[in-house]
Amino acid sequence: MKKIEAIIRKSKFDEVKKALHKIDVNFFSYWDVTGVGNEKQGHVYRGITYSTSDIQRRYLTIVVSDEFLEKTINTILEAASTGNVGDGKIFVSEVIEAYRIRTKESGQAGIN
């Protein structure tokens with residue numbers, strides 16, 4: 001099993017969520033987060049310069065089977081991309097075990 005952690009633009013969250021549901025990823029957690037990015041220049045809106053060093057993003061955590069990893073990552077990459085700086089990051093790590101508390105199922109059954 002793999003754990004996918006994706007940091008995406010808040011404005012792309014609904015598209016990512018719909019795309020994940022379309023490929024049957026129906027359970028994931030998410031949080032609103034603030035991070036610091038590489039972009040150093042500010043944006044000007046109506047004559048006022050706004051700092052872009054503190055960036056509002058949405059953080060998703062998804063656990064999938066090894067076979068479903070590539071499909072899930074490609075879905076996030078497609079749905080979250082704008083082609084501009086600040087689209088986000090995806091991190092993948094190994095999950096040793098998963099348990100469903102209600103039924104005490106473990107492994108693959110614990111995440112489905």
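Glu 5 stands opposite Thr 61 in S5. This is a predicted model, in which local features need pLDDT of at least 70 and side-chain atom pairs count only at pLDDT 80 or more, while totals for chains, interfaces and linings use all residues. Residues are numbered from 1 along each chain as its sequence is written, and side-chain values use heavy atoms, with hydrogens and water left out.

Helices (H or I, at least four residues) and strands (E, at least two) are DSSP runs, numbered from the N terminus. Two strands pair if DSSP finds at least two bridges between them. In general, strands of a sheet pair through backbone hydrogen bonds, either parallel or antiparallel.

**The sheet.** Four strands form an open sheet in the order S2-S5-S1-S6, with antiparallel pairing. S2 and strand S6 (88–94) are the edge strands, each pairing on one side only. From one strand to the next, the twist averages 25 degrees. Strand S1 (residues 2–9) pairs with S5 in the antiparallel sense over eight bridges. S2 and S5 also run antiparallel and are joined by eight bridges.

| Residue | Opposite residue in S5 |
|---|---|
| Ile 4 | Ile 62 |
| Thr 34 | Gln 56 |

**The helices.** Contact means heavy atoms within 4.5 Å. Axes are lines fitted to C-alpha atoms, for helices over the stretch in contact, and angles run from 0 to 180 degrees between N-to-C directions. H1 lies across S1, S2 and S5, and runs at about 10 degrees to S5. H2 also packs on the sheet, where H2 touches S1, S5 and S6; the direction of H2 makes about 0 degrees with that of S1.

**Two loop residues.** Where is Ile 23 placed? Ile 23 is in the loop between helix H1 (13–22) and strand S2 (29–36). Buried means under 20% relative accessible area, exposed over 50%, and partly exposed in between (1.4 Å probe, protein chains only). Ile 23 counts as buried because its relative accessibility is 13%. Not counting residues up to four places away in sequence, Ile 23 touches Phe 68, Lys 71, Thr 72 and Thr 75. Ile 23 and Thr 72 are 49 residues apart in sequence, and 7.8 Å apart in space from C-alpha to C-alpha.

Ser 65 is in the loop between strand S5 (54–64) and helix H2 (69–80). Is Ser 65 buried or exposed? Ser 65 counts as buried, because its relative accessibility is 11%. With residues up to four places away in sequence not counted, Ser 65 touches Met 1, Gln 108 and Ile 111.
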